[in-house]
Amino acid sequence: MTQPHDEHNSSPEELREQVEQTREELGETVQALAAKTDVKTRVQEKAAEVRHQAAAKTGQLKEQATHKTGELKAKATKLALQAPDRLPDPVKDKAAHAAEQARAKAAQAGHVWEEKAPAQVRQKTAQGGQLARDNRNLLLAAAGAAVVVWLACRRGKE
């Protein structure tokens, strides 16, 4: 703020300028105090900052997941291409038959589920399925990792 002047030596014009300057400084101080006490605006600013940080981190994680998924797919493909050569035909046939049976049982279970599950439970399940579809890369990465671990364990036993 301005320093007090000797009132006897100040002209009316100088006094007006001092008053005007003091008003400006007081207005700035009031604005600063109002900004500090405006909790809603401060919360909105902080929320925007957190959203920005979360979006950046999400992008980074998606990029990492995509990269890891690619690596795991490549490893799983390489191992899967090596594995069929070692399996005898009866084992391959049994695996195909078991896979077909599993598909049939899954379809049958799906029909029973649609007939007997409460609507609210079906709705929650549908939401979970949508979430899984939305995070397909992450799930594929996990599945690829599981295949790699399984194949590594089988190789260790040989």
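Which element gives the largest share of the lining of the second largest pocket? The answer is α2, with four residues.

## Basis of the model

This is a predicted model, in which local features need pLDDT of at least 70, side-chain atom pairs count only at pLDDT 80 or more, and totals for chains, interfaces and linings use all residues. Residues are numbered from 1 along each chain as its sequence is written, and side-chain values use heavy atoms, with hydrogens and water left out.

## Overall fold

The protein has five helices and zero strands, giving the pattern α-α-α-α-α along the sequence. Helices (H or I, at least four residues) and strands (E, at least two) are DSSP runs, numbered from the N terminus.

Of the 158 residues, 7% are buried; buried means under 20% relative accessible area, exposed over 50%, and partly exposed in between (1.4 Å probe, protein chains only). The protein exposes about 13400 Å², and carbon and sulfur atoms supply 59% of that area (Shrake-Rupley method, 1.4 Å probe). Among contacts with a separation of 6 or more, 59% join residues 24 or more positions apart, where a contact means heavy atoms within 4.5 Å.

## The second largest pocket

The second largest pocket holds about 190 Å³ of space. Its lining consists of Leu61, Lys62, Ala65, Thr66, Asp134, Asn135, Arg136, Asn137 and Leu138. Two or more of these residues come from each of α2 (39-82) and α5 (136-157). By type, the lining has three nonpolar, three polar and three charged residues.

A pocket is an open set of points on a 1 Å grid over the protein atoms alone, where a 1.4 Å probe fits, with protein on both sides within 12 Å along at least five of seven lines; lining residues have an atom within 4 Å of a point. The volume is the space filled by probe spheres set on the points, which are joined across faces, edges and corners. Ala, Val, Leu, Ile, Met, Phe, Trp, Tyr, Cys and Pro count as nonpolar, Asp, Glu, Lys and Arg as charged, and the others, Gly among them, as polar.

## Salt bridges

There are two salt bridges (a side-chain nitrogen of Lys or Arg within 4 Å of a carboxyl oxygen of Asp or Glu). In one, Arg16 pairs with Glu13, with the closest N and O atoms 3.8 Å apart. Both lie in helix α1 (residues 12-37), three residues apart, about one turn of the helix. Arg16 is exposed at 54% relative accessibility, while Glu13 is partly exposed at 46%.

Arg103 pairs with Glu100, with the closest N and O atoms 3.4 Å apart. Helix α3 (residues 89-116) contains both, three residues apart, about one turn of the helix. Arg103 is exposed at 52%, and Glu100 is partly exposed at 45%.
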